[in-house]
Amino acid sequence: GYHWIGCRVLKTLVELGHQVQVFTHEAPYHVNDLKAYAENIGVSVTTDRLRVNRIEIDADVICSIYYRNIIDDPCIDSVGGRAINLHPSMLPDYRGCSSLTWAMIRGETEAGYSYHYLTSEVDKGNILLQKRVAIEPFDTQATLYQRVMFMAAEDFAQVLQLVSENHPGAKQPSGVGEYYPRGCPFEGEIDPAWTRDEIERFTRAMIYPPLPPAKWQGKEVRSLKEFDEISGQS
């Protein structure tokens, strides 16, 4: 796991009495530090990449909660396929990375989250639980992320119960849904060909301090008003 949601799910697992080993990443100062939290509560934790030979407990479930590395087949097989992932979209839509950001940019009125089984194909495993979340016209990427992750955390225990009961989940439809690679959409640059609505959505979708906001000809843009001032369209 990683980030705020990784910390919150670890807290839930410990409260439920599970033995846990955490695989995570080093966190910059603005990201909730799962490694430090695990150490503080006495849970085994490492920033080494998850591999079968690094698992130190008799694990029967793997939970990928904002973990940034692909989990390979040997790891999935080691728990009999009981490996799950939390993805911030209504799969099969917006597979891959920056799902909430892309949903905002594309003008969606709803986003959501999906708990699904891990397979060798990214974000294509059977769905265990999905819920929709409205994208408000005042949302930034930061507020949408926090709302989606808070709601997803509330459902984690239910999903874990389904996995423990070997619930098969529901197959995703084939041949639909786009995949988005890792990286900042459009490299963070506003396209002068975009409509004003597209520019306004893009600036909100880029707001996640302290990450850089949108840019116009090298200048930072945090709102449509700023874009008008910088571009001379005010």
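**Pocket and ring exercises**

**Exercise 1.** Find which residues lie nearest the centre of the second largest pocket.

Solution. Step 1: Leu13, Val20, Val61, Ile62 and Cys63 lie nearest the centre of this pocket, out of 30 lining residues (pocket: on a 1 Å grid over the protein atoms alone, an open set of points where a 1.4 Å probe fits, with protein on both sides within 12 Å along at least five of seven lines; lining: an atom within 4 Å of a point). The model is predicted, with local features needing pLDDT of at least 70 and side-chain atom pairs 80 or more, while totals for chains, interfaces and linings use all residues. Numbering starts from 1 along each chain, and side-chain values use heavy atoms, without hydrogens or water.
Step 2: at least two lining residues come from each of α1, β1 (21–23), β3 and α5 (DSSP runs numbered from the N terminus: helices H or I, at least four residues; strands E, at least two).

**Exercise 2.** Classify the ring pair of Tyr2 and Tyr66.

Solution. Step 1: there are twelve aromatic pairs (Phe, Tyr or Trp six-membered rings, centres within 6.5 Å; planes under 30 degrees stacked, over 60 edge-to-face, the rest tilted).
Step 2: the Tyr2 and Tyr66 centres are 6.2 Å apart and the planes stand at 50°, so this pair is tilted.
Step 3: Tyr2 precedes α1 and Tyr66 is in the loop between β3 and α3 (73–78), so the pair ties together parts 64 residues apart in sequence.
Step 4: Tyr2 is buried at 8% relative accessibility, whereas Tyr66, at 31%, is partly exposed (buried under 20%, exposed over 50%, partly exposed in between; 1.4 Å probe, protein chains only).

**Exercise 3.** Classify the ring pair of Tyr94 and Tyr180.

Solution. Step 1: the centres of Tyr94 and Tyr180 are 5.4 Å apart with planes at 15°, so the pair is stacked.
Step 2: Tyr94 is buried at 10%, and Tyr180 is buried at 7%.
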